[in-house]
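The structure comes first, then the notes.

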Amino acid sequence: DGIRDRDVTGVQTCALPIFTPDGTRYYFGGPAATETSWSDFRELSANKQVASSSTWHLFRIETPNADRWIEFDYADERYSFGNRAGHQVTVRETGVVIAGQPGYPAGELMGNPVQAPLVPYATAVDGKRLMRIRTASGQATAEFIPASTPRTDLTFHGDTGPDLNSPNISSSALQTLRITSGSICRNFDFDYDYYSALPCSGCTISSDFDTRRLRLKSVQERTCSGEALPPYRFTYQSNQLPRRYSLGRDLLEFYNGRDDQQGLLPTFINPVNNTTVNAGSDRSFNEEKMKQGILTAVTYPAGGSTTFSYEANRIGQTITGGLRIKNITTNDGYGNLQTRTVSYADGVLHYDHSSYMFQYPNRNGRYSGAFLGASDFGITAGSNPNPPLWSFHGYHIGYGKVTSAVNGAGQTDIG
């Protein structure tokens, strides 16, 4: 009955059942466990996004005969956040002739190659927050208790849509996880602060919501009567992150420190007339800047710790975007150290980011007819890389061989 109560007709909110070979059933989505989101909902073009299901949460697990089950309860939350839109220009491919005369020459640029759009786009989320996990026996429960104050790094979303200039009033960070099983009761308390923002002379958008990012400082276990253990503590490379509106991004959208930039298009050759377009944005890779704000250490309640060091992804000796683990060092709290070193070989980029800029040609008839002239087609030069999962490879880089070696304990080869 619990499942039938949640069954609905329609594409966006129907539940998705998955059955394992032994008959165990997993149910995802449904109206109580499906998130929807959209971006730029006020956009007036015919290609604007509409609300779409974006996450189908697990809401029930049951045995083959349904006599035992685990249910996951969710609460609604609504919020929004802003980002900078991609930067692109379109090059006329053939030109348009008007009254027998060249009206718009081939090779003409439509758009500003130096300045990215100044108006941020909003992403609105009608979300679900995990509230409780229950069991058929009623003996064990897990409660997820939110903080009493909303997060200040998100913005408002309500019945009238998102507002990037107003504070979030709905979404809060997780404050306490409470687990009870019979007479046993344990709380796990989560303590946070916010990264502050690096200076950004290129951020001309008037806002401060994008200057903060939530950061986990510690997790502490205590009994429900108040007796506490020492916490797990988390250390980061820096207390600062770039603003969300910063255009200091390399070709793969990782941070490169160029917070002064106004655009995202590097200098390029016009593919129609072979002239140089001095767009001028620096999309180079910067290994040290990529590490900004990354997790560097975990300190355990008993006194030991684990530290992490990173390096940029590489193809041979050439740096590319993103980080990979270099060393993991464990300290048992008594001065005994063990270091695991990870090395990589045979790196392969799954697409060539140096030539992703151009869409040859833009064969969008509606766009071409409205903006370029009915008989012209454009070549689009854009700042954004290919989207995630655009191919079966998923991530932009892979390695044919990864070696993990522990000092004094041999090594393990993967791949």
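A disulfide is taken here as a pair of cysteine sulfur atoms within 2.5 Å. By that rule, a search of the whole structure finds two disulfides. This is a predicted model, in which local features need pLDDT of at least 70, side-chain atom pairs count only at pLDDT 80 or more, and totals for chains, interfaces and linings use all residues. Residues are numbered from 1 along each chain as its sequence is written, and side-chain values use heavy atoms, with hydrogens and water left out.

**Terms for position and exposure**

- Helices (H or I, at least four residues) and strands (E, at least two) are DSSP runs, numbered from the N terminus.
- Buried means under 20% relative accessible area, exposed means over 50%, and partly exposed lies in between (1.4 Å probe, protein chains only).

**Disulfide Cys-185 to Cys-224**

- The sulfur atoms of Cys-185 and Cys-224 are 1.6 Å apart, and the two residues form a disulfide.
- This pair links distant parts of the chain, 39 residues apart.
- Cys-185 sits in strand β16 (residues 184-197), while Cys-224 sits in the loop between β17 (213-223) and β18 (232-236).
- The link of Cys-185 and Cys-224 is left-handed, with -60 degrees about the S-S bond.
- Cys-185 counts as buried because its relative accessibility is 19%.
- Cys-224 counts as partly exposed because its relative accessibility is 33%.

**Disulfide Cys-200 to Cys-203**

- Cys-200 and Cys-203 form a disulfide, with 1.9 Å between their sulfur atoms.
- The torsion about the S-S bond of Cys-200 and Cys-203 is about 70 degrees, so this disulfide is right-handed.
- Both Cys-200 and Cys-203 are buried.

**Pairing pattern**

- With the bonded cysteines of the protein numbered in sequence order, the pairing reads 1-4, 2-3.

**Positive phi angles**

- Most residues other than glycine have a negative phi.
- Asn-274 has a positive phi, near 65 degrees, and is not a glycine.
- The loop between β20 (268-269) and β21 (276-277) holds Asn-274.
- Asn-274 is exposed, because its relative accessible area is 61%.
- Asp-346, also a residue other than glycine, has a positive phi near 60 degrees.
- Strand β25 (residues 337-349) is the place of Asp-346.
- Asp-346 is exposed, because its relative accessible area is 55%.
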